[in-house]
Every structure is written in C-alpha cells, then in structure tokens.
Amino acid sequence: MAFQILLNVFIAITWMFLSVSFKPTTFIIGYILGLLMLLMLRKSFSSRFYLDRIWAVIKLAFLFLKELTLSNFSVLMLIIKPKMPIRPAIFAMPTVLEKDWEITLLSNLITLTPGTIVIDVSDDNKTLYIHSIDFDNVDEAINSIKETFEKAILEVSRS
Amino acid sequence: MTVIANILIIATISFGTIFILVTALGLIRLPDAYSRAHAASKSATLGIMSILLGVFFHFWLKEGIFNSRILLGIVFLFVTGPVGGHMMGRAAYLSGVKLWDKSVRDDLAEVVKKKREQQ
C-alpha cells in the first residue's frame with residue numbers, strides 16, 4: 001500500500017515536471033492522472049488497489065462513530081433507571097485477528113461500544129476477556145462483535 | 001448561516017455536557033469498579049470530545065480562527081480514553097477486586113488462578 005502511494009506521488013511530480021508548472025493544482029491533477037494509471041495497472045501489483053483500503057478505513061471510522069453514540073445512549077438508559085436491572089459478567093471471546101495492531105484496534109473499539117470493556121488479552125493473543133455490563137447470552141454478544149468490528153478490521157487488513 | 005453555526009455550537013456543547021453528567025451519575029450509581037469503568041471510559045470520552053468540537057466550531061465559525069490544536073486534542077482523547085479504561089479494569093482484576101455479587105459469569109477467574117499457581 002505504501003509503495004502504491006509513493007508511486008502515485010512520483011507520477012504527480014513527473015506530471016509537474018512535464019508541464020513545467022510547480023503549483024499545488026498541477027500536483028493534484030497529476031495525482032488524479034496517476035490514480036487512473038494505477039487503477040488500470042492494478043492487476044500487476046501483488047497487493048490490492050490502495051483506494052479500496054482507504055475506503056475500508058473510512059467505513060470503519062463511521063461504523064465506530066455510530067456505535068460510540070449508540071453506546072452512550074445505552075449507558076444513559078441504564079443509569080437513569082431507578083432499579084438498576086443490570087447483570088454484569090466477564091466472558092471470553094476468541095478472535096481470528098493475529099497482528100498486534102489489529103488486536104489493539106479491536107479492543108479499543110470494543111471498549112468504546114455498547115456495554116463492553118476489555119479486561120484482559122490472553123498471552124497467546126487468541127482470546128479477549130470482556131466485561132459486559134448487561135449480559136444475556138454469550139453467543140449473541142460474541143456474534144454481534146464479530147459481525148461488525150472484526151469483519152471491518154479484516155476488510156482493512158486483507159492484502 | 002449564523003443561525004446554523006449557533007445551533008451547531010449549542011447542540012454539541014450541550015450534548016457533551018449531558019454526557020459528562022451521565023458519567024458523574026454513573027460513577028455514583030453503578031455497583032462495582034468494572035461497571036463504573038464503563039461509565040467513566042465511554043461517556044467521559046464522548047462528552048469531552050463533543051465539548052471540544054463545540055469550542056472548535058465556535059472559534060472557527062464565529063471568530064474565524066482555525067485552531068488545529070483542538071482537533072489534535074480530540075484525536076488524543078479518542079485514542080487514550082479506552083486504553084485508560086482498559087488499564088484500570090485490568091489492574092483492578094489482577095489485584096483481586098471482586099465483581100458485583102449479582103454477576104452471572106466469570107471466565108477470567110480460572111485463567112488467572114492457573115497462572116498464579118504456575119508461578
């Protein structure tokens with residue numbers, strides 16, 4: 001991915017040299033032309049086209065903002081109920097993510113979303129121990145995390 | 001235009017203030033350390049981010065000053081808030097703070113016990 005961005009900047013600079021004008025607008029035009037070239041030549045790279053990945057990152061960010069707002073409303077609802085009908089629990093969640101940054105990202109996302117906080121990560125990086133504030137069913141809780149965040153992170157990191 | 005700016009500023013700042021209030025209420029009302037970490041790490045992060053966003057909009061739209069330090073502050077809070085919540089929860093668990101007695105399940109207990117025995 002970094003190589004493709006570097007190549008794109010290089011094409012833009014070449015465009016500036018070709019048109020003998022060193023202004024930001026020329027750079028932007030050259031960058032867009034380079035983007036088209038890379039799009040046509042995307043079969044020859046070993047990794048996928050880098051705009052795909054940037055698009056996945058943007059989608060992840062919006063998913064995250066949505067979940068953050070929802071989680072805060074759910075905490076609000078819990079707190080203003082007079083009887084406090086909560087059932088806290090710590091459950092284990094297996095994860096398929098492998099790299100350190102993916103696991104850090106996943107646990108940050110889990111911590112900021114509805115009713116869950118990561119308490120511990122196992123030594124072999126395969127299980128997350130999650131404290132849930134209002135717990136009904138393990139499978140449901142695990143599935144909802146897997147369906148949203150793990151999938152989105154995998155979408156970003158797949159080569 | 002100024003009406004929209006005013007609405008934006010007032011909405012973000014009051015939204016943030018409400019969630020700071022939620023944090024404070026949650027810290028008082030929730031039963032144990034871990035449930036309190038929920039209120040403290042989520043609502044406080046969103047509340048402060050939202051207030052900072054309101055301040056940023058005020059200075060940008062009203063006074064014409066684009067202050068990028070506020071944006072950096074939002075990003076830093078966003079990154080460090082959940083890590084702080086996690087560290088407090090983990091430290092509490094490993095030093096033996098008990099869960100609330102109505103908790104339904106605890107998968108971590110056996111793992112920590114096994115690790116203690118090995119040492």
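Over residues 5–22 of chain A the chain is 78% helix and 0% strand, with the end C-alpha atoms 20 Å apart, where helices (H or I, at least four residues) and strands (E, at least two) are DSSP runs numbered from the N terminus. The model is predicted, so that local features need pLDDT of at least 70 and side-chain atom pairs count only at pLDDT 80 or more, while totals for chains, interfaces and linings use all residues. Residues are numbered from 1 along each chain as its sequence is written, chains are lettered from A and ligands numbered from 1 in the order in which they are written, and side-chain values use heavy atoms, with hydrogens and water left out.

An unreviewed UniProt entry places the feature "transmembrane region" at residues 5–22 and 57–80 of chain A; such positions are given in the numbering used here, feature names are shortened, and annotations may be inferred rather than shown by experiment. The span 57–80 of chain A is 100% helix and 0% strand, and its end C-alpha atoms lie 35 Å apart. Chain A is assigned domain 1 (1–44) and domain 2 (52–158), bounds that come from an automatic or database domain assignment, and the C-alpha centres of these two domains of chain A lie 39 Å apart.

For chain B, the UniProt record (unreviewed entry) gives the feature "transmembrane region" at residues 6–28, 40–60 and 66–85. Residues 6–28 of chain B are 100% helix and 0% strand, with end C-alpha atoms 33 Å apart, whereas residues 66–85 of chain B are 90% helix and 0% strand, with end C-alpha atoms 31 Å apart.

The contact (heavy atoms within 4.5 Å) takes 38 residues from chain A and 38 residues from chain B. Together the chains bury about 3,300 Å², 71% of it on carbon and sulfur atoms, buried area being the accessible area (1.4 Å probe) that two parts lose on being put together, summed over both. Ile79(A), Ile90(A) and Ile119(A) supply 19% of the area that chain A buries against chain B, more than any other three residues.

One salt bridge is counted between chain A and chain B, the term denoting a side-chain nitrogen of Lys or Arg within 4 Å of a carboxyl oxygen of Asp or Glu. The side chains of Arg90(B) and Asp120(A) meet in a salt bridge at 2.8 Å, N to O. On the side of chain A that touches chain B, the largest share, 10 residues, comes from helix 3 of chain A.
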